[in-house]
Amino acid sequence: MDAQSTQLQQAQLAAILGPDPSPFESLISHLMSSSNDQRSQAESIFNLLKQNDPNSLALKLAHLLSSSLHVEARAMAAILLRKQLTRDDSFIWPQLNPSTRSAIKNILLSSIQTEDSKSIIKKLCDTISELASSLLPDNQWPEILPFMFQCVTSNSPKLQESAFFMFSQLAQFIGQLLIPYITDLHTVFLNVLNNSPNPDVKIAALSAVINFIQCLSSSNDRDRFQDLLPSMMRTLTEALNSGQEATAQEALELLIELAGTEPRFLRRQIVDVVGSMLQIAEAESLEEGTRHLAIEFVITLAEARERAPGMMRKLPQFISRLFANLMNMLLDVEDDPAWHSAEPKDEDAGETSNYSVGQECLDRFSIALGGNTIVPVASEQLPAYLSAPEWQKHHAALIALAQIAEGCQKVMIKNLEQVVNMVLTSFQHPHPRVRWAAINAIGQLSTDLGPDLQVQYHQRVLPALASAMDDFQNPRVQAHAASAVLNFSENCTPEILTPYLDGIVHKLLLLLQNSKQMVQEGALTALASVADSSQEHFQKYYDAVMPYLKAILVNATDKSNRMLRAKAMECISLVMEVLMSLQGSQMETDDPTTSYMLQAWARLCKCLGQEFLPYMSVVMPPLLQSAQLKPDVTITSADSDNEIDESDDESMETITLGDKRIGIKTSVLEEKATACNMLCCYADELKEGFLPVAPTLVPLLKFYFHEEVRKAAVSAMPELLRSAKLAVEKGIAQGRNETYVKQLSDYIVPALVEALHKEPDTEICANMLDALNECLQISGLLLDESQVRSIVDEIKQVITASSSRKRERAERAKAEDFDAEEGELLKEENEQEEEVFDQVGEILGTLIKTFKASFLPFFDELSSYLMPMWGKDKTAEERRIAICIFDDLAEQCHEAALKYYDTYLPFLLEACNDESPDVRQAAVYGLGVCAEFGGSVFKPLVGGSFKAQCSYQASNALQPDNVMAYDNAVSALGKICQFHRDSIDSAQVIPAWLNCLPIRSDLIEAKVVHDQLCSMAERSDVELLGPNNQYLPKIVSIFAEILCAGKDLATEQTAGRMVNLLRQLQQTLPPSTLASTWSSLQPQQQLALQSILSS
């Protein structure tokens, strides 16, 4: 910059900071300008002031706030001050000198007292609260709390409300620092809630109370506020009685927050609180919005399972009342003529907000409370609705049945007959909206109660849907019947569907010719699903189906028909050429065709396998484009006044994270998820022929906007590695060699480990561990030490996190209202943890198998994490996995593992008596491994205890759940006979072992044991044959049974050796011995052996 312009700029800055306030005020107004140039110029001057003279800037903003006559300028000054004084990247507080700091604090506090604009007061409170929360921990603003208490007890409603705003925020930011004032705060809150005549002050106090209760970690402290609850509720009822519903709705929103975060606070007075809420919900004189919030409160309380398990189930009278209320809301539906038009834009015609809220809440309520609670209530209330003359009541009962199915799955499956009868009878109802609701219920039940429903009732449901497709007077009913065929077939086997295909395909083809787009769309999606579910049985219909699909594609060209064209495309997954031509045309990014087309190609790939490779060059470009779609995200401040505009786009979803409100366009996410799933499908089907797309998928391991995208990316990782490795091995990797596989492994494995570290969802954690294990098996020795180190560190983290989640659940189980239903839900959550630990065990097994003894230093680090898993307090599955890890160690590391025997063998022996057969199986298998590789270290055990274990398992063999443990005990006994014969009484033990053969359940051990038997027979083992060959008939009958079982009980090689042995016996044994040996066999064994020996 030249000297002249520098002087100009300095003069400009001096004027702005000079005694005349107007230049500074016009700078601030330019910051709000709609002209981009003017705004960016003002921003650069503002930033210069901030760098060159933060003290003057801060004071200027403070003076503008306190003295400007323009509301917009004061509001902007409050916002800018907050930004400059609170801890973010451009935080200037540390650069201010003490006198500026002091002046700012004084001006802020005096402005609160003089300001009249409510929205500016709110912004001032935000600024003061944020500044105070960074200064109070170091006691740098001692005046603030006395000032707030003074305001709260003043006679000015404005000051009282401001102080409560600030208490509310401080409780969120630095609640712990307010705890010493708990007694004073309690008095103030009680006084204001009971005595203030001003509803705004009461709502501000209510907000402060609720935030303060949430910051109290001790239940004793929380209990001190129990006596405020009646006054808190009164704030709500008084507002309603005086007709101030806007105030009441604010109070309800605050109480809903309390119900979600601190439900136990409400427990002692739950009857009164829930009773009041239901009264509000039932009061027809109130606004719908108010009544819906009261229902939201009760549902939120029911959903707060983690914090107050089982509490709501203790209130059956309320559950019944709420259910009745929600049923009543479902009656608020009109028979709008537009509904019958079957135009997509009128899909929801006649539905009110009451109806929609009723539907959503029934679904949430039944998921929160479960079938044992909801089904009895539904059984009591629904019959009256079903038998009523009004169509709306019949319709409501069917909608309710569909809504509660997901939450009541297990209980409804037990009563399927009753449920199906109820719905199918309604297929005959005279009103088309009732018939539509019956079809809707069958569709929903097919999803939620499948495949039980499909297996037991296909012979009633499919014909009913087929006849509903003949309802030509009512295209909505026809379209929905086709959609229900889709739901039904998705949970269906080809065997069930095939007998109905002729009728269903014929009717769907008739519907394809319907002039109504909604009917055509329903028919198309159903055809695609039926084709997918019936697989090769569908082939004979291709010729009939194709002309219709092509006709739709050619004619459905305008924008309103995009979804129709999309569904036709999905259906045409069966035929290539149309796809090829359509792929060439350009589609808009949110065109629904894209998603259907991606699925269409993938289905084709499944049918064609490797023959699909020539088409990959056509398929991949749009697929990668979809997989790389950026999420359409809008971010605003959570407290900003501009809501993200959702009205014009139903696919926008908003979530609040910290102080940001994020709007996400879900249609883009769904397309992205579909594309990622398809990439997995291709990698899986095409193996070495799949193109490398790691750079697209690896970053999506941390795509937190959408779980399905992450899941797809996770399952693609091993497929990508496998494709690359196979391509290199088969020499089709276009000049790439093993180094390429190593580079890919170095890219994927660390990315998976890092994503695992940040993954919030337990189920996806288990998926990631599973994918990591597969990757390790493929990469093998390509992994370097630092990668193994990071995996081991992550395993420690996974075990620790899992244990702490289980501890939290154990705490939940101590809650006073905890009941069987909660126990069931808790069990399901803990089973997910077992899945996580199972995958940890698999990974450690893979690392041990890959690196053998060189992995032991890492194992030593992990032992303190693994040892607790052997404990009696752990689940059987956790104990089994811990034992399997030691089994792998002993089996893979041989002598190097001997040093662990002292520690682990006592556990192993004890585990042989575990009540769980799976644990016993792992334990006796481990003893067999130790017998094989333990040498002299194992010898002392060969005596009593070990033989006792084996005979104990053998004695329990007849119990069906013990067969695997039995087979492994027999195998272990065989290993003792083989490796420690000098330590046993072999003349007794070997015949006992022979008596246990053949083993039939553990097919892996069977092959090992029967091979050992064959070797002993080949060398004419004296103890095996017994005195005078007395055990020979037994050996021959064992051979006969093994050979009759085909390939199950012996390898081909072992079976061949057995046949040779039997042929030798035929030639060498005296005829009388041979005859008696032969006669000891069962007739069918004799026949089978004769045919085997003569072939």
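Start by selecting Glu774 and Arg722: they form a salt bridge (a side-chain nitrogen of Lys or Arg within 4 Å of a carboxyl oxygen of Asp or Glu), with the closest N and O atoms 2.6 Å apart. Glu774 sits in helix α39 (residues 762-779) and Arg722 in helix α37 (residues 707-729), so this pair ties together parts that are 52 residues apart in sequence. Helices here are DSSP runs of H or I with at least four residues, strands are E runs of at least two, and both are numbered from the N terminus. Buried means under 20% relative accessible area, exposed means over 50%, and partly exposed is in between, using a 1.4 Å probe and protein chains only. By that scale Glu774 is partly exposed at 24%, and Arg722 is partly exposed at 25%.

Before moving on, a word on what you're looking at. This is a predicted model, in which local features need pLDDT of at least 70 and side-chain atom pairs count only at pLDDT 80 or more, while totals for chains, interfaces and linings use all residues. Residues are numbered from 1 along each chain as its sequence is written, and side-chain values use heavy atoms, with hydrogens and water left out.

Next, pick Glu303 and Arg364, whose side chains meet in a salt bridge at 2.9 Å, N to O. Here helix α16 (residues 288-303) holds Glu303 and helix α19 (residues 353-369) holds Arg364, so parts 61 residues apart in sequence are tied together. Glu303 is partly exposed at 36% relative accessibility, whereas Arg364 is buried at 16%.

Now jump to Arg74 and Glu115, another salt bridge, with the closest N and O atoms 2.7 Å apart. This one links distant parts of the chain, 41 residues apart: Arg74 is in helix α5 (residues 71-85), and Glu115 is in the loop between α6 (98-114) and α7 (118-135). Are these two buried or exposed? Both Arg74 and Glu115 are buried.

Then select Arg82, Lys122, Asp126 and Glu130 together, and you'll have a network of salt bridges. In total, the structure holds 50 salt bridges.
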